[in-house]
Amino acid sequence: SRLARNPERIVPSEEIWRHAWGGQAPFNSESLHVHIYRLRRRLEPFGVYIETMVNVGYRLSFSDGDTAPN
């Protein structure tokens with residue numbers, strides 16, 4: 001939901017982790033990468049993409065002509 005609330009904005013990996021797992025688990029970039037990979041596979045058929053910004057975070061984007069839902 002953190003990416004969806006901030007479309008086209010780069011969301012730091014740690015922020016995504018913190019909002020998804022709270023303080024229950026220490027940050028694990030490999031685990032987050034696996035979850036993002038699975039989410040990508042489910043969203044791409046709908047023209048929604050998650051871009052990796054290496055060593056920074058992720059950004060939600062939409063295929064050409066599509067815009068973020070309001």
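I began with the second largest pocket, which is lined by 13 residues. Ser13, Met53, Asn55, Val56 and Tyr58 lie nearest its centre. I noted the terms: on a 1 Å grid over the protein atoms alone, a pocket is an open set of points where a 1.4 Å probe fits, with protein on both sides within 12 Å along at least five of seven lines, and lining residues have an atom within 4 Å of a point.

This is a predicted model, where local features need pLDDT of at least 70, side-chain atom pairs count only at pLDDT 80 or more, and totals for chains, interfaces and linings use all residues. Residues are numbered from 1 along each chain as its sequence is written, and side-chain values use heavy atoms, without hydrogens and water.

The largest share, three residues, is from α3. I took helices (H or I, at least four residues) and strands (E, at least two) as DSSP runs, numbered from the N terminus.

I then sorted this lining by class: six nonpolar, six polar and one charged. Ala, Val, Leu, Ile, Met, Phe, Trp, Tyr, Cys and Pro count as nonpolar, Asp, Glu, Lys and Arg as charged, and the others, Gly among them, as polar.

Next I turned to the largest pocket, with about 400 Å³ of space. Its lining has 18 residues, and Ser1, Arg2, Leu3, Ala4 and Leu39 lie nearest the centre. α3 gives the most to this lining, five residues. By class I found 14 nonpolar, three polar and one charged.

Note on methods
Points joined across faces, edges and corners; volume = space filled by probe spheres on them.
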